[in-house]
Amino acid sequence: NRPDRMNALDKSMIAGMSDALDKIEADIAHIGAVIIEGSGGTFMAGGDVKFFYKMTQSPADEARPVIETMINRVHDIITRLTALPCPVIAKLEGAVAGFGVSLMNACDLAIAAEETVFTLAYIHIGTSPDGGSTHSLTRLVGMKKAKEIALFGDRFGADEAHDCGLINKVVPADQLASATAKYATRLASGPRGAIARTKALLNAAPEADLNQQLAAEAQSFAECSVSDDFREGVTAFVEKRSPRFGKS
C-alpha cells in the first residue's frame with residue numbers, strides 16, 4: 001500500500017505484510033482464500049531503488065548486513081505465504097516487477113488485467129534475484145525460459161505471462177475484481193481440508209520421487225476419507241446434487 005511509489009518494497013511494507021500474515025495465521029480456521037493486490041492500479045514495482053541507492057553510499061561492511069537482514073525478512077514472508085493451507089491469489093495490474101514477480105510466484109493462482117506488464121528487472125540494477133524467483137521460475141516456465149526472463153530482464157505482457165505458465169488467467173481491466181472474487185469464492189466454498197492437503201501435495205511434488213509422492217497421496221486421501229466433507233461430497237454425488245461443504 002504505497003501507491004505514490006508504485007508499491008515499491010521498503011521496510012514499512014515488509015512490516016505490514018508480516019503483520020497481515022500474523023492476522024491470517026491467527027484466524028486461519030475461518031479463512032478460505034487470500035487475495036494479494038496492490039493499491040493505486042499497480043501490483044508491485046519491485047524493491048525501493050532509492051533505498052538501495054542510499055545503501056551504496058555507505059561502507060560495504062555497514063550496508064551489507066542491513067540489506068541481508070531486509071532480504072531475510074522478505075524471505076520469511078515468502079515462506080509463510082507458501083505454507084498457508086488456504087489458496088493465495090495474486091490480483092495483478094499495472095507493473096509486476098522485481099520482487100513483485102517473486103511475490104506473484106509464491107501465490108497459488110494469479111489473475112492479470114490485460115495491460116499488466118511483467119519484468120524480473122534485477123539484472124538492470126546489477127544484482128541477482130531474491131524472493132525465491134530462481135526457484136519458482138524454473139518450476140513454472142522451465143529452465144530455458146527462466147534464464148531468458150532473469151538474464152535479459154525484458155518486459156513482457158500478460159498474454160506472454162499466461163502462455164508461458166506464469167499466470168492462470170488474463171481478463172479486461174474492468175473484469176479483474178470480479179474474476180478474482182469469483183476464484184476466491186469458489187475456493188472458499190470448497191472442501192477446505194481437501195484443498196489444503198492438495199496444495200501441500202502439489203508444493204511437495206517437485207522435490208519428491210514417485211514412491212514418496214504416492215505414499216503422501218495415500219496418507220492424504222485416507223485422512224480426507226474420514227472427514228465430513230468427504231461424506232458430504234460422495235453423498236451429494238450419489239444424490240445428484242451440489243455438495244454443501246463445511247469447513248473441515
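Me: Is Phe-156 buried or exposed?
Reply: This is a predicted model, in which local features need pLDDT of at least 70, side-chain atom pairs count only at pLDDT 80 or more, and totals for chains, interfaces and linings use all residues. Residues are numbered from 1 along each chain as its sequence is written, and side-chain values use heavy atoms, without hydrogens and water. Buried means under 20% relative accessible area, exposed over 50%, and partly exposed in between (1.4 Å probe, protein chains only). The relative accessible area of Phe-156 is 10%, so Phe-156 is buried.

Me: How many aromatic pairs does a search of the whole structure find?
Reply: Rings of Phe, Tyr and Trp (its six-membered ring) pair if their centres lie within 6.5 Å; planes under 30 degrees apart count as stacked, over 60 as edge-to-face and the rest as tilted. By that rule, the number of aromatic pairs in the whole structure is three.

Me: What is the angle between the planes of Phe-118 and Phe-156?
Reply: Phe-118 and Phe-156 form an aromatic pair with 5.7 Å centre to centre. The pair is stacked, and the angle between its planes is 15°.

Me: How many residues apart in sequence are the parts that the pair of Phe-118 and Phe-156 ties together?
Reply: Phe-118 lies in strand β5 and Phe-156 in strand β6 (residues 156–157); helices (H or I, at least four residues) and strands (E, at least two) are DSSP runs numbered from the N terminus. Because the partners sit in these two strands, the pair joins parts of the chain whose separation in residues is 38.

Me: What is the relative accessible area of Phe-118?
Reply: Phe-118, in strand β5, is a buried residue. Its relative accessible area is 0%.

Me: Which kind of pair do Phe-221 and Phe-230 form?
Reply: Phe-221 is exposed, at 56% relative accessible area, and Phe-230 is partly exposed, at 32%. Their ring centres are 6.1 Å apart and their planes stand at 70°, so the pair is edge-to-face.

Me: Which residue makes a nonpolar surface patch with Phe-221 and Phe-230?
Reply: Patches are made of residues with over 30% relative accessible area and no salt bridge, with like charges joined within 9 Å and nonpolar side chains (Val, Leu, Ile, Met, Phe, Trp, Tyr) within 5 Å. The patch covers about 280 Å². Its other member is placed in helix α11 (residues 228–238) and is partly exposed, with a relative accessible area of 40%.

Me: Which elements do the buried residues of α9 pack against?
Reply: The buried residues of α9 are Arg-192, Gly-193, Ile-195, Lys-199 and Leu-201. Contact means heavy atoms within 4.5 Å. These buried residues pack against α3 (60–83), β2 (88–92), α8 (176–188), α10 (210–225) and α11.

Me: Which residues does Pro-129 contact, leaving aside its neighbours within four places in sequence?
Reply: Pro-129 lies in the loop between β5 and α5 and is partly exposed, at 25% relative accessible area. Its C-alpha atom is 7.8 Å from that of Ala-150, 21 residues apart along the chain. With neighbours within four places left aside, Pro-129 is in contact with Leu-120, Tyr-122 and Thr-134.

Technical notes
Areas by Shrake-Rupley, 256 points an atom, 1.4 Å probe, with all protein chains shown as cover. Salt bridge = Lys/Arg side-chain N within 4 Å of Asp/Glu carboxyl O.
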